[in-house]
Amino acid sequence: MLSRIILFHFIVITSQAGLNWKPVNPAELNLKAPKIDPKADAEAIFWEAWVEDTTQGGYAMHRQENYLRIKLFNARAVEKWGNVEVDYYPGEGMSISDFKGRVIKPDGTIVEVKGDQVKETTKQKQSKQTIRTKSFAFPALEPGVIIEYQYTKVYNERWLRYVKLPMQMEVPVWEINYFVKPAGRDLAGERMKAYPFNCEPTAWEPAKANGLRQGFVRTGTKNVPAFVEEPNMPSEDDTMGWLLVYYSPSEQQNPEKYWKSLGRKMEGEMNRPVKVSGEIKALAAEITAGKTSIGDKADAIAVYCQTKLKNAYYSANGVTLEERQQFFKKIKEDFDTNDALRLKMGRPKDILGIFYALSEAAGLHPTWMAVGSSLSAMFRPNFMDPYLLDNRMVGIPDNGELRFYNPGVPYIPPGMADYDEQGQAALVCDPKDPKLVLLPNSGPEFTVLRRKAKLALSDSGALSGNVELTHFGHFAVAEKRRLESLSPAEREEAVKKSLEERHPGIQIAKLTVENADVPMGVLTFRYDFTLEGFGQRTGKRIFFQPAFFNHNDAPRFANAERKYPVVFRNAFREEDEIEIALPEGFRLEEAEMPGNLQMGEVGKLSLTARVTKDDKEISVRRAFSWGSPTAGLFFEAKDYPAVKQAWDRIHEINQHQLTVRAQ
Amino acid sequence: MLNFVLLLLATCSAGFAAVPAWVSEFATASHPAYPGKTKAVVLFNEEKVIAEATGRQVTQIRKVIKILTADGRREAMGAFTYDQAGSKVREARAYLLYPSGKTKEFNRKEFIEGESNSGLYLYSSRKFLRLDGSKEADPGSVFAYEVTMEEKRVFSQFYFLLQDDLPTLKSRFHLTIPAGWSVLAKAYGGARAESEQSGDTYTWEATNLPPWDSEPSSPGLWSQLPRLAIGMLPPTGAAVSPTDPVACFRTWKDVSLWKSALAAPQVTVTDAVKSKALELTSSHTDTLAKIRALGEYVQKIRYVAISTNSARGGGYVPHRADEVLKAAYGDCKDKANLLRALLKSIGLESWPVAIYSGDSRFTQEDFPSPHQFNHAILAIAVPKETNLPATVDDADLGRLLIFDPTDAYVAFGYLPTHEQGAWALLTADEKGKLIRMPQAAEGTNRVERTWTMSLQADGSLAGQLVEKTWGQDAFDNRQQSEDSGEQNYRKALERWLSNAVPGMAIEKLEYRFDPQANTFDTHLRFTAPSYAKVMRGKLWMVRGAPMPYFGTPNVNQSERTQPLLVRERHFHETLTWAFPAQLKIDEVPENESAERPYGRFATTWKAEDGAMRLERTLALKETLLPPADYAAARSFFGQFRAAEAAPVVLLAR
């Protein structure tokens, strides 16, 4: 206890030291316009941070001192940067100290944030889980001032194996400098390493510092543009500049050897909760009875795991919240696959473990796989750490190929990866032959939206009829994730709302939603509708859009410029069959359909129609596919004009009009 | 032993034995069948207040909610706010009755504490206590909670919402008053003001309140819901001094006196305040120009809300004017107070005005109470010849300019539309009163667009748009452009335009807010690669008006249960088209017009050889249409929409 008290005092004393305010350069004071981006509202002159993991009094401590100086050029910047708020979690041993700020006016006058202007409040508190906030508003702000502020974050009694250091801000920044003191061997037992993502920091060099600042090394970057968000962009971790400081036991320099070694090690860890019991063996035999091929057996086991086991993270198969609560109460530290099987319920990792165990029992020789995700940074082979391989799947070897399974998600068809895992690197943790592979992207034929409509156009231009929508692959997974937890009436309401947003004024009746929480069931929507004003009536004619399902579509890409690459979640296909009965006494006039648009390997759109012999009905067929396992899902920013042009053309075809004329 | 067995059997058969009797009583109450989308039903909603003459009170809240749908899980929430300085939570408990029959009790420690309004305030002494049962409440569950707290109230008035948007089976408010005191109750939104009296306790009750559907283009929810406003009055006279233990109000003058006394000491005209006022006004000789210079300065001060001491009226007391000037930030009352001090320092009088921001229908004339407001603005004495949209005449104080120093985008002389026409409290000691905020004259808010377009022989379009907006339309554009910055505003315009004209590329864009004319002007030149729909090269179709007008109310729903709010709008558009020589006009839409008590529109087409001119106007009056008139209104706006979407047909020569 005594050492804890001493440590506390020591932290307070050292943290009170903080960083001194640095003198302000007159050029910074007089600066009238941004230096990096002429259109920026504000620019950070510098961001300096001192980061260290140490032991004091036998306790670990992670400490980050931050110091930012920002020039505000206009009223928008004053509004945006006027308040500073820093959250922290005392229950996790976290504290904030040296929280201070000041304003430097263009004439050099300095206005300090006074102690009583710093507010501290409990944002949220429940038992020991507390979020506290320290905040202040900068006084005397006006365009042209420089603001600067400091705060020190301390994590007591812990050190951080991974520390993410931003190398970019939401405003342009002249200079970012990190001073890092590597954790000693007594704490980490491993050497500190660093890996830059989307940035090129300077090489580490010893920092020149005195007193308590001994042993720091410095890295940084200069003249960094602001980070901005764009639609269809890769993940933030793959676009924003950041540096990962981490501790890794491996001293291996050869990536190939590193990944092989890691694969063997991970296999052991992942296998720990897997128990191939007699019960598992019997069940595997039962599930695979009558199946002869490896693929059929593995698919049957995956379907069993998805349909017969309740998944505690999903509402599939009608799992209730009460059941989940009861389940989580039963989880102990040594919870294994047999426990989950006994309960017929598990977390995704438990279900994946059962799949592995059943596959093993069925003689399918499964292998664990550590998989990357497009929601974080892409895998880099020369970044020798498992940090980017956080997802798990199971591979089943089949005639020299590897089949991929993730029955921990109840809605993914057997053999398919989730949308964020497709095209990502995976480490096959085969103890005999560990290796890196690339998970394939599924082709458009696996993710299909099939739409059928039997419709009638009235002589006022109103359209009415009935519709059936069926979803497959990623379309179904995404919709089931959206709808599964809703009750049947709410699902219908949610689908109705989406339809009303797409077709303002539509009147929907007899809407049904099938299989929204049934893992292998085909998700189907059916409804009747009337839509006034669909066709535009002139004196003699009615103009209407034969591709009814694309009515009111907005162009996919509206902006002329692009900074980051464009990504599509997955390849897909839309298949539309639309029958439209024409109004009595009207005939098609100068009818023409756009036909086919072939976009190389990337996509294809076909919009065709034929009219019945009696000229009373037209039959429209639309088939659109985008992306393939090897193309169409990722485009560099330089290719944006071509992508936009293609989608503008797709939009134009979808909006194609036909005319009927009164006879 | 037998007794023990019987007791055990009784406990088991009771089913809800682990919960208090009031919970099990209402948990099993039958309720009507509601539409499938109804998320939950409030089976019981009760607040009991025992009030003392000192302002101390004990409040007990009880609520029982049955979850009907999966989305309704989030209704399994017990939440209330209190001031950390003046209140003490005696007890807080919640119960969850699972559909399986099992029950669970949550104690005080399981409630989450936090700062109320943390998004709005940088700091507030107001706290919340919340128990979230949503992670366990399946449809069919019943969630109940009970809270008892001691509070110190600043004034002796109570607001009670009989329901929110959920259907409510039974809702009750009990008030026990000190001996000899009386109550004044008002009811709104269809509620009943009559109560049952038993000794010093009064009870108001409502039963079987139907669900409240959220419908677009409706008036604000809070001004429509059934609610009670109750005042507690002492036996003799009303205490109106802030030093009194609890303030009571019989008239609006009482409220004015109370608020005036709280605010007056904060109008600190220090040397710094005087010096700032002189600095800002020294170049002006005209009174209005001086007011404008000071007003626009305060508008630019940052909005930062720091609320302390709300249990002692802190929520009604601005920070001192000199402090706000020095910090250069403050909330609405701080800004109004600073402007008041600046004006005072140059010899101009002004008075705070309390108003309900966001819904001009909220404040009720017949219940004098500070509870009815959420915003502070200012009434400034101006020369009697002043003729600005936001002026009113007061019998005691003369001509007043109403000015909102918090809204940085509404120009001097104007008032935001959501404040226009509302009742507001002029806080002027003895001369204080409830006054109607000025309503801008018809046509003050206006959009005028002029399009010049040339259709090319390949079906592409080249054109320009000049848009001029006035009044709130101009201020909204100003806000959007200034908040976004040039790059983001351009992107927003690109998205907006390309939804109407696919592929549209902006070649030139200029925009500015004119502070003299108070207009926002936009000038853009554009091209669109394939605007015309061309059929076999012979039949061409173009939409005469490329851009819909978005100022009409949402009438997409076929039926409504709530009134439709038609906002005041004025829109005029002129479109001039030039067609390529190889085309001749075959069909031009019919001219359309319609007139209703709340608005009119006209669309006029004029075609000449190779050219066409379209002119359309829409004028709407601020009107609240009852649901019975909805079908006719839907037809009127549908006609306007159809007219703007009407195509022009061209044939190849």
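## A tour of the two chains and their contact

Begin with the place where the chains meet: 56 residues of chain A and 57 residues of chain B make up the contact, two residues being in contact if their C-beta atoms, placed from the backbone, lie within 7 Å. This is a predicted model, in which local features need pLDDT of at least 70 and side-chain atom pairs count only at pLDDT 80 or more, while totals for chains, interfaces and linings use all residues. Residues are numbered from 1 along each chain as its sequence is written, and chains are lettered from A and ligands numbered from 1 in the order in which they are written.

**Stop 1: the side of chain A that touches chain B**

Select α3 (75-81), β6 (119-126), β7 (129-137), α7 (321-330), α11 (488-502), β27 (541-544) and α12 (640-654) of chain A, which are the elements that give two or more residues to the side touching chain B. Helices (H or I, at least four residues) and strands (E, at least two) are DSSP runs, numbered from the N terminus. The largest share of this side of chain A, 7 residues, comes from β6(A). Coloured by class, the side of chain A that touches chain B has 15 nonpolar, 23 polar and 18 charged residues; here Ala, Val, Leu, Ile, Met, Phe, Trp, Tyr, Cys and Pro count as nonpolar, Asp, Glu, Lys and Arg as charged, and the others, Gly among them, as polar.

**Stop 2: an open sheet in chain A**

Next, show the open sheet of 8 strands in chain A, whose order is β24-β25-β23-β22-β29-β33-β32-β31 and whose pairing is mixed. Its edge strands, each of which pairs on one side only, are β24 (507-514) and β31 (595-599) of chain A. From one strand to the next the twist averages 10 degrees; axes are lines fitted to C-alpha atoms, for helices over the stretch in contact, and angles run from 0 to 180 degrees between N-to-C directions.

Inside the sheet, select β22 (residues 448-457) and β23 (residues 463-471) of chain A, which run antiparallel and are joined by 9 bridges, with Leu449(A) having His471(A) as its bridge partner. Then bring back α11(A), one of the elements from the first stop, which lies across β24 and β25 (523-531) of chain A and runs at about 130 degrees to β24(A).

**Stop 3: two residues of chain A with positive phi**

Select Glu157(A), a residue other than glycine whose phi is positive, near 60 degrees, in the loop between β8 (146-156) and β9 (162-166) of chain A. Glu157(A) is partly exposed, with 13 other C-beta atoms within 10 Å; a residue is buried if 20 or more other C-beta atoms lie within 10 Å of its own, exposed if 12 or fewer, and partly exposed in between. Asn223(A) also has a positive phi, near 50 degrees, but its place is in strand β13 (residues 217-224) of chain A, and Asn223(A) is exposed, with 10 other C-beta atoms within 10 Å.

**Stop 4: a helix pair in chain B**

Move to chain B and select helices α4 (residues 271-281) and α5 (residues 287-300), which pack at an angle of about 120 degrees with their axes 9 Å apart. Their contact is made by Ala277(B), Leu280(B) and Thr281(B) of α4(B), together with Lys290(B), Ala293(B), Leu294(B) and Tyr297(B) of α5(B), and by class this contact has 5 nonpolar, 1 polar and 1 charged residues.

The buried residues of α5(B) are Lys290(B), Ile291(B), Arg292(B), Leu294(B), Gly295(B) and Val298(B), and what covers these residues includes α4, α7 (332-345), β20 (375-381) and β22 (398-403) of chain B.

**Stop 5: strand pairs in chain B**

Select β9 (residues 142-152) of chain B with β2 (residues 56-67) of chain B, which pair in the antiparallel sense over 11 bridges, Ile61(B) standing opposite Val147(B).

Notes: Two strands pair if DSSP finds at least two bridges between them.
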